[in-house]
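Student: I would like to go through this model and ask what stands behind each label.
Tutor: Go ahead, and ask for the cut-offs as they come up.

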Amino acid sequence: VFPYINNYMKDAYTEVLFDAVKETSVKSGYDLPEPIEAYVVMLLTSYVEKPDFLPEEGFGPTLFRIKHFSQAKDLADTCLFVAGVFPTMGNRKGISRRYYQDIGSTSYEMVAEALNPELFNTLAKHFIFLSDFIEVTVNTSKHLPNNLFR
């Protein structure tokens, strides 16, 4: 009914997440390249109010059924979000964080074949670092409310 409220909230999330990512960069001494920093902020923003983000069939089967780069991007983004924000999500089922990192990295490589190779190859190559960076950001930033993604 009020689309401007949604846009306002998205802008507010983007601003808070940008500040949190900058804070993590300063604290860690890692200065993310601007396109990567922007991608991480936009990725996190897109998942703030997205309760149903897990693939219906599971991560592995979804990877093997990818037919278009947009599906690979969606899966890679979900993997980066899960590995960064919920790194222990699969532990109870015997699924390690590395499982999501490997699927995500592979999916970004698939995207790079069709879209912005420099960006997506960088995301693929540095997937583990970026998921660690996101984990530190969401768990230690004074800019983020504790329950933003919970």
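Student: In what order do the elements of the protein chain run from the N terminus on?
Tutor: They run α-α-α-α-α-α-α. The protein chain has seven helices and zero strands. Helices (H or I, at least four residues) and strands (E, at least two) are DSSP runs, numbered from the N terminus. This is a predicted model, in which local features need pLDDT of at least 70 and side-chain atom pairs count only at pLDDT 80 or more, while totals for chains, interfaces and linings use all residues. Residues are numbered from 1 along each chain as its sequence is written, and side-chain values use heavy atoms, with hydrogens and water left out.

Student: How do you know whether the radius of gyration of the protein chain agrees with that of a compact globule?
Tutor: The radius is taken over C-alpha atoms, and the globule rule is 2.2 Å times the number of residues to the power 0.38. For 150 residues a compact globule would have a value near 15 Å, and the protein chain has 15 Å, so the two agree. Along the principal axes, the C-alpha atoms fill a box of roughly 45 × 35 × 35 Å.

Student: What makes Glu23 count as buried or exposed?
Tutor: Buried means under 20% relative accessible area, exposed over 50%, and partly exposed in between (1.4 Å probe, protein chains only). Glu23 has 14% relative accessibility, so Glu23 counts as buried. Its place is in helix α1 (residues 3-28). Of the 150 residues of the protein chain, 44% count as buried.

Student: Why is the pair of Ser141 and Glu23 called a polar contact?
Tutor: A polar contact is a pair of N or O atoms within 3.5 Å; within protein, one must be able to donate a hydrogen and the other to accept it, and residues adjacent in sequence count only if both atoms are side-chain atoms. The side chains of Ser141 and Glu23 make such a contact at 2.6 Å. The side chain of Glu23 also reaches the backbone nitrogen of Lys142 at 3.2 Å. Ser141 lies in the segment after α7 (127-140) and, at 8% relative accessibility, counts as buried.

Student: Which residues does Ser141 touch, leaving aside neighbours within four places in sequence?
Tutor: Ser141 is in contact (heavy atoms within 4.5 Å) with Ala20, Glu23 and Val136.

Student: Why is the pair of Tyr39 and Phe120 called edge-to-face?
Tutor: A search of the whole structure finds 13 aromatic pairs. Rings of Phe, Tyr and Trp (its six-membered ring) pair if their centres lie within 6.5 Å; planes under 30 degrees apart count as stacked, over 60 as edge-to-face and the rest as tilted. The ring centres of Tyr39 and Phe120 are 5.8 Å apart and the planes are at 90°, so this pair is edge-to-face. Tyr39 lies in helix α2 (residues 34-47) and Phe120 in helix α6 (residues 117-125), so the pair ties together parts that are 81 residues apart in sequence. Both Tyr39 and Phe120 are buried.

Student: What makes Tyr47 and Phe81 a stacked pair?
Tutor: Their ring centres are 4.3 Å apart and their planes are at 10°, so the pair is stacked. Tyr47 lies in helix α2 and Phe81 in helix α4 (residues 69-85), so parts 34 residues apart in sequence are tied together.

Student: What lies over the face of Tyr47?
Tutor: Lys50 does, at 4.6 Å from the ring centre. A charge sits over a ring if NZ of Lys or CZ of Arg is within 6 Å of the ring centre and within 35 degrees of the ring normal.

Student: What makes Asn116 stand out in its phi value?
Tutor: Phi of Asn116 is near 35°, a positive value in a residue other than glycine. Asn116 lies in the loop between α5 (97-112) and α6. At 40% relative accessibility, Asn116 counts as partly exposed.

Student: How far apart are Leu32 and Phe133 in sequence and in space?
Tutor: They are 101 residues apart in sequence and 9.8 Å apart in space, C-alpha to C-alpha. Leu32 lies in the loop between α1 and α2, and at 7% relative accessibility Leu32 counts as buried.
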